[in-house]
Amino acid sequence: MAIANELSTGLLVLSCTFALSGCEQPTGSSPTETKSQATTTTAAADPVAVEKPVAAEKPVIDAKNWPLQPSPIARTPAIESKISTLLAQMSDEQKVGQLIQADIGSVTPKQVRDYYLGSVLNGGNSAPGADNRVGAKAWLELADAFWQASTDTSDGRPYIPVMWGTDAVHGHSNVKGATIFPHNIGLGAMREPELLRKIGRVTAIEMQVTGLDWTFAPTIAVVRDDRWGRTYESYGEDPALVASYATHILQGIQGVPGTAEFLRGEHMLATVKHFLGDGGTVDGKDQGDNQHTESELRDLHGLPYYSAIQAGARVVMASYNSWFGEKMHGFQPMLSDVLVGRMGFDGFVVGDWNGHGQVKGCTPTDCAASLNGGLDMFMAPDSWEKLYHNTLAQVKDGRIPKARLDEAVSRVLRIKAEMGLFDEVLPSKRPLAGKFELMASFDHRAVAREAARKSLVLLKNNQQLLPLKANSKVLVAGDGADNIGKQSGGWTLSWQGAGNKNSDFPNGESIYAGIKTAVTAAGGTVELSENGRFAADAKPDVAIVVFGEDPYAEFVGDRAHLAFDDSRGLQILTELKAQGIPTVTVFLSGRPLWVNTELNQSDAFVAAFLPGSEGGAIADVLIRAADGSIRHDFQGKLPFSWPADATGTPLNIGDTNYQPQFAFGYGLNYQDQTIVAALSEKSGISADLVVNFSRYVHAGKAVSPWQLQLIDDGQVTVVTDPLQQSAQGAVTAKATDRLQQEDSVVLNFVKSASVALTHSQNASLDLARQANGDMVLELEYQVLALPAATDKASTDKRAAKILLGMLCGDNCKTSLDFSNYFSTQLGKGWQSLKIPLRCFSQNNPDFKLTAITHPLLIESPAGFQLQLARVRLTENEGQGVCGG
């Protein structure tokens with residue numbers, strides 16, 4: 001159906017507001033959905049008009065160009081009186097404290113009391129006891145501790161409870177055992193915004209079970225460049241689609257304004273983010289610069305905020321991005337003149353993780369400009385203490401006017417009053433607290449399963465292969481088949497969602513497990529084989545191959561292109577096709593990617609996006625019932641245009657010369673007879689020109705444009721063959737099987753030598769930001785043999801060191817000694833070594849993380865044998881080591 005039919009009443013009213021305001025009315029609020037054949041590139045009938053920046057001079061924001069919308073929530077005399085009373089009682093110290101939010105990994109309950117802090121948060125890698133997989137009970141206990149500290153009025157301070165915020169972006173996803181919903185990209189594919197109310201309500205209930213009362217969700221970004229690492233946090237590329245969802249998810253979490261349950265009972269506080277333009281940065285760079293014209297900023301990116309504010313949004317998070325160089329965290333024309341003055345927002349504006357520190361002239365610990373520009377609460381996770389002292393000094397000397405201080409504090413207190421926090425009790429004594437049976441209850445999982453199956457998009461179904469007979473002999477393959485962490489994606493138990501095992505999801509189900517249940521119940525058989533191989537006498541009727549992107553979040557997921565560059569799934573598909581076995585691909589990804597080669601090798605292809613913890617939803621749609629009937633049909637429609645090449649050039653409905661592989665709104669069902677012809681396998685990019693910032697070695701091979709080099713007496717040999725020997729024979733690299741054919745490499749140091757990773761075009765990497773984000777260099781390896789001097793059983797005490805390091809150009813090197821570490825790993829099988837990037841710079845103060853030419857250098861004496869499968873950047877979950 002057309003998206004116009006999905007719009008809420010508030011959005012329809014908003015359309016009139018745009019028309020009456022005298023401003024440019026956004027066109028294309030209802031692009032027509034299409035089931036066009038895959039090779040057709042017909043644009044929607046009523047596309048979003050996209051202007052191109054033409055201004056020669058730096059543009060400005062004129063608030064009068066933005067529609068005027070009154071606040072939907074009237075202030076109440078009782079709350080305003082309470083705010084006035086509190087302000088009169090509060091010291092400057094207490095007021096400043098209310099405006100600062102600290103991370104639980106960097107603040108204690110006592111410090112919350114001593115500094116009068118108004119809020120705490122747990123960042124993506126913060127959890128009670130620094131354990132990302134701790135149980136729900138620990139969260140509730142810590143919530144009590146912070147609450148008790150903040151409400152200790154023994155010294156005569158006013159009673160002002162603390163709030164705890166968290167990124168519950170697809171369910172209460174930081175907590176082990178919670179219901180994990182599909183990420184927003186999949187929910188956008190459902191085209192069923194009403195289901196978002198149920199999802200929001202379930203999330204709010206499970207959060208309150210653990211004592212929390214505020215989520216940093218939903219993201220209502222309109223993503224216009226899919227290379228952005230946060231694409232999966234968006235409902236789609238069309239502003240009307242996103243706006244229609246904003247109303248329902250907000251009211252699911254918060255309740256409906258004007259009702260007794262608004263922000264009370266089963267409901268709680270939400271946050272709309274990130275204001276404004278985060279989905280439109282140049283080249284899709286996270287925290288980058290948006291250079292859309294003012295009318296584009298308004299009509300593309302601003303539209304969902306009008307809808308959200310009308311639906312009752314009480315917190316808006318400022319965005320990291322800038323607009324023509326002006327960082328949003330201190331940009332008064334947007335934070336004050338537009339958001340408050342024109343959109344009718346009457347809540348408070350919270351910052352993002354140290355985002356205020358990016359404002360011109362600011363640092364994370366010193367930023368009056370941000371508060372003066374309209375930010376009401378600093379998110380200062382690890383910078384909070386110095387920021388508190390500096391902000392207090394700026395209040396006392398007038399750099400922050402007292403009127404502005406009181407305004408910001410009033411906004412925070414107003415929302416606390418609306419939430420009923422002043423009337424609340426200890427978190428553990430609240431009605432839903434401690435009811436751990438509600439975490440991933442049967443009803444909650446049913447909502448997640450419904451959302452997951454409705455989010456699936458069928459791109460190809462040649463010869464009507466799907467749905468499959470339930471009594472078939474089914475082979476399930478691919479590294480995503482039995483991997484709940486991979487199907488859930490980033491922001492799951494940890495920031496990047498990496499390192500999660502199925503056992504970390506006690507209430508979840510993998511895609512394989514769901515298929516097995518459905519097939520065996522009808523008398524069929526299922527075999528799980530990650531590499532797709534099977535016994536000669538066990539040839540399957542059909543194979544379901546599950547693969548896709550590994551989990552990531554934020555800037556770690558930024559890409560320079562949209563080529564899917566993991567060949568393992570393709571290898572499985574190719575081998576199965578050669579044996580005449582029909583194949584179904586289930587592709588897991590946080591955005592559309594160029595996968596034409598994989599599509600050509602598949603008889604059916606399902607874009608599953610990131611379906612969450614209910615993997616059984618895939619079987620609900622792919623597998624027939626035992627009686628042969630169709631249990632559930634596909635209903636998902638693409639929320640983003642699917643690219644016809646891998647360049648990553650922005651591709652959005654309504655663009656001039658719109659030529660996608662699959663158009664926005666495309667999605668087959670079981671009634672369709674569409675045949676997808678062979679697709680072009682010309683990617684449009686040169687691999688040598690593309691820098692992969694996070695993956696260096698994958699399946700034992702250097703990821704282009706990176707090269708694996710063998711360095712022997714100063715001579716360099718690039719590894720190009722399955723068996724490569726250095727110039728003088730000091731070191732060899734041999735492709736070896738691990739799970740699949742030649743998916744790892746054995747490095748055998750016959751003499752002292754080095755092995756290095758470097759860019760084929762001598763380019764360099766800037767990893768300073770990743771180091772600040774506590775990222776690690778991870779090696780997935782096993783030790784096959786040790787040099788004599790590091791072998792604990794040896795009596796040879798010669799000095800022999802195994803060094804891991806990096807280079808940053810000529811005469812710029814750092815190395816860490818891992819001799820003792822590797823001496824303990826012999827015979828222990830496959831392991832993961834995580835080295836925090838900060839270790840490299842700490843070891844050598846002159847080392848430049850801003851210009852890395854060799855992200856890995858291995859130096860070893862004779863006798864060391866290391867089998868290596870993967871080298872990549874990922875998150876540190878506390879396992880990082882700097883040597884040993």
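Does Cys839 count as buried or exposed?

Modeller: Cys839 counts as buried, at 2% relative accessibility, where buried means under 20% relative accessible area, exposed means over 50% and partly exposed lies in between (1.4 Å probe, protein chains only). This is a predicted model, in which local features need pLDDT of at least 70 and side-chain atom pairs count only at pLDDT 80 or more, while totals for chains, interfaces and linings use all residues. Residues are numbered from 1 along each chain as its sequence is written, and side-chain values use heavy atoms, with hydrogens and water left out.

Cys839 is joined by a disulfide (a pair of cysteine sulfur atoms within 2.5 Å) to Cys882, with 1.8 Å from S to S. The two cysteines lie 43 residues apart and link distant parts of the chain, Cys839 sitting in helix 22 (residues 837–843) and Cys882 in the segment after strand 31 (865–875); helices (H or I, at least four residues) and strands (E, at least two) are DSSP runs numbered from the N terminus. Cys882, with a relative accessible area of 36%, is partly exposed. The torsion about the S-S bond of Cys839 and Cys882 is about -55°, so this disulfide is left-handed.

Cys808 is joined to Cys812 at 1.4 Å from S to S, and Cys362 to Cys367 at 2.2 Å; the link of Cys362 and Cys367 is right-handed, with 70° about the S-S bond.
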